[in-house]
Amino acid sequence: MDLTIDEGDSVAIVGASGSGKTTLLGLLAGLDLPSRGAITLAGQRLDALDEEARAALRAREVGFVFQSFHLLPSLTAEENVALPLELAGREDPARVREVLQAVGLEPRRRHYPRQLSGGEQQRVALARAFVGRPRILFADEPTGNLDQATGQHVSELLFEMNRGNRTTLVLVTHDLELARRCRHVYRLDGGRLHAFAAGPRA
Ligand SMILES: Nc1ncnc2c1ncn2[C@@H]1O[C@H](COP(=O)(O)OP(=O)(O)OP(=O)(O)O)[C@@H](O)[C@H]1O
Ligand SMILES: [Mg+2]
């Protein structure tokens, strides 16, 4: 496949279960390296960087919401959200509170992941992904476990970041309504991307 995503763009990737959406997202974000081909992220060829340099690039530019959340079980919601800032050496408790509030989890900030519902864990994962105001946000099924109202609220947050901060959004979703709010929609099928729809609807 040959895919270019412009800065500030919003892209949705849809496709059947097992078609490779999560794999593709991991490659684009530099979590994984392709066996063939090249990927450039924020102006850097990923294959030219070693593991450490890729981790540094991710910490600086990328927010990632995993399909399975990947929260650290021994840390509270608040500590999970604060982690990227701590790792980057820019602790900011006020910002942590602000994003927890934005996802409606401020009252549960001292709870551990096992004490939170799936949808609540998903919102912690979202808060952790955008706490550092990343330039690019990758989100794998960000509304997959949420009821309609909460899902709506979370999509608003994503598109606010996209419009307000010009955060580039790359979403994997089964939710066609969410996908259609993106400027570009691609369907992954047979290892290829097919343009599905185009036009700003957000
Ligand atoms: N670590 C791995 N080792 C071997 N095969 C894998 C691995 N991870 C994923 N796969 C396989 O690669 C294919 C694509 O998986 P992927 O998780 O990218 O699909 P997906 O489109 O995200 O599916 P879903 O919608 O169910 O999340 C699947 O057939 C899966 O079984
Ligand atoms: Mg997946």
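Colleague: Let's start with Gln67: is Gln67 buried, partly exposed or exposed?

Modeller: Keep in mind that this is a predicted model. Residues count as buried under 20% relative accessible area and as exposed over 50%. The value for Gln67 is 42%, so this residue is partly exposed.

Colleague: How many residues apart are Thr22 and Gln67?

Modeller: Thr22 sits in helix α1 (residues 21-28), and with a relative accessible area of 39% Thr22 is partly exposed. Gln67 belongs to the loop between β4 and α3 (77-87). The pair therefore links distant parts of the chain, and the separation is 45 residues.

Colleague: Moving on to helix α2, where do its buried residues lie around the helix?

Modeller: Helix α2 covers residues 51-61, and its buried residues are Arg54, Leu57, Arg58 and Glu61. Seen down the helix axis, they fall within an arc of 100 degrees, so they line one face of α2.

Colleague: Which strands do the buried residues of α2 pack against, and which exposed residues does the face turned away carry?

Modeller: On the buried side, the packing partners are β2 (40-41), β3 (44-45), β4 (62-65) and β5 (136-140). The face turned away from that side carries the exposed residues Glu52 and Ala59.

Colleague: Are the rings of Phe64 and Phe66 stacked, edge-to-face or tilted?

Modeller: Their centres are 4.6 Å apart, and their planes stand at 45 degrees. Planes under 30 degrees apart count as stacked and those over 60 as edge-to-face.

Colleague: Which residues form the aromatic cluster?

Modeller: The count of aromatic pairs comes to 2. Phe64 is buried at 13% relative accessible area, while Phe66 is partly exposed at 22%. Both belong to the cluster, which is formed by Phe64, Phe66 and Phe138.

Colleague: Finally, which side chain does Arg181 meet in a polar contact of 3.1 Å?

Modeller: Arg181 lies in the loop between α7 (176-180) and β7 (184-189). Although in a loop, Arg181 is buried, with a relative accessible area of 16%. Its side chain is joined by the 3.1 Å polar contact to that of Glu156.

Conventions:
Residues are numbered from 1 along each chain as its sequence is written. Chains are lettered from A and ligands numbered from 1 in the order in which they are written. This is a predicted model: local features need pLDDT of at least 70, side-chain atom pairs count only at pLDDT 80 or more; totals for chains, interfaces and linings use all residues. Side-chain values use heavy atoms; hydrogens and water are left out. Buried means under 20% relative accessible area, exposed over 50%, partly exposed in between (1.4 Å probe, protein chains only). Helices (H or I, at least four residues) and strands (E, at least two) are DSSP runs, numbered from the N terminus. The arc is that of the directions from the helix axis to the C-beta atoms. Contact means heavy atoms within 4.5 Å. Rings of Phe, Tyr and Trp (its six-membered ring) pair if their centres lie within 6.5 Å; planes under 30 degrees apart count as stacked, over 60 as edge-to-face and the rest as tilted. A polar contact is a pair of N or O atoms within 3.5 Å; within protein, one must be able to donate a hydrogen and the other to accept it, and residues adjacent in sequence count only if both atoms are side-chain atoms.
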